[in-house]
Amino acid sequence: MKKNSGFTLLELLITVAIISIVMAIAVPSMTTFTQNDRLTTNINTMIGHLAYARSEAVKRSQQVSICSSNNATTCTGGSWQDGWIVYIDADGDNSFTAGEEVLRAQQALEGSNTLTSTIGTQVTYDYRGFVNAASVGSFLLCDGRSGPHGKTLTISTTGRVRHEGSSTC
């Protein structure tokens, strides 16, 4: 006699119910994970660009600046979340002048992330890797959530960038 193998309707319904319960628990956690990962990626991108600007200033013995830009070619003075550029400030006037070399450009941040600053719209490193007094301050990166989900970067007079960790948005 041939034995039939397979699943009964009751077994399939129980399996679908268990999968539904697990998915109801996992999906909200995945959303939080994605938001936290996006924040970490964006703050690390900013840290990388600040470190790059500092190292280029020392390497080239020239003033190098990073400024907010929404077009990736000039300093527009807008919001940092719209993007920024790293450029050589060859004439040392603390502003982007036509003809100055753009070293790197960053497009707008993904998602609903916002990047605010107590510094203003530009950070300038001198040939020693130090920042001018106007560049001392902090950046706060937040997303659409409120509470302790933000990330803070602090720039000291010596040009050191320090990630402060969780901050309240």
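**View 1. Disulfide pattern of the chain.** Counting bonded cysteines along the chain, the disulfides pair up as 1-2, 3-4. There are 2 disulfides in the structure, a disulfide being a pair of cysteine sulfur atoms within 2.5 Å. This is a predicted model, where local features need pLDDT of at least 70 and side-chain atom pairs count only at pLDDT 80 or more, while totals for chains, interfaces and linings use all residues. Residues are numbered from 1 along each chain as its sequence is written, and side-chain values use heavy atoms, with hydrogens and water left out.

**View 2. The link of Cys-67 and Cys-75.** Here the S to S distance is 1.8 Å, and the link is left-handed, with -80 degrees about the S-S bond. Cys-67 is buried at 1% relative accessible area, whereas Cys-75 is partly exposed at 26% (buried is under 20%, exposed over 50%, partly exposed in between; 1.4 Å probe, protein chains only).

**View 3. The link of Cys-142 and Cys-169.** These sulfur atoms sit 2.0 Å apart. The torsion about the S-S bond is about -95 degrees, so this disulfide is left-handed. Cys-142 belongs to strand β6 (residues 137–142) and Cys-169 to the segment after β8 (161–167), so the pair ties together parts 27 residues apart in sequence. Strands (E, at least two residues) and helices (H or I, at least four) are DSSP runs, numbered from the N terminus. Cys-142 is buried, at 8% relative accessible area; Cys-169 is partly exposed, at 32%.

**View 4. A nonpolar surface patch.** Leu-10, Ile-14, Ile-18 and Val-22 make a patch of about 390 Å². Ile-18 lies in helix α1 (residues 9–60). Patch residues have over 30% relative accessible area and no salt bridge, with nonpolar side chains (Val, Leu, Ile, Met, Phe, Trp, Tyr) joined within 5 Å and like charges within 9 Å. A salt bridge means a side-chain nitrogen of Lys or Arg within 4 Å of a carboxyl oxygen of Asp or Glu. Areas come from the Shrake-Rupley method with a 1.4 Å probe; for residues, only the protein chains shown count as cover.
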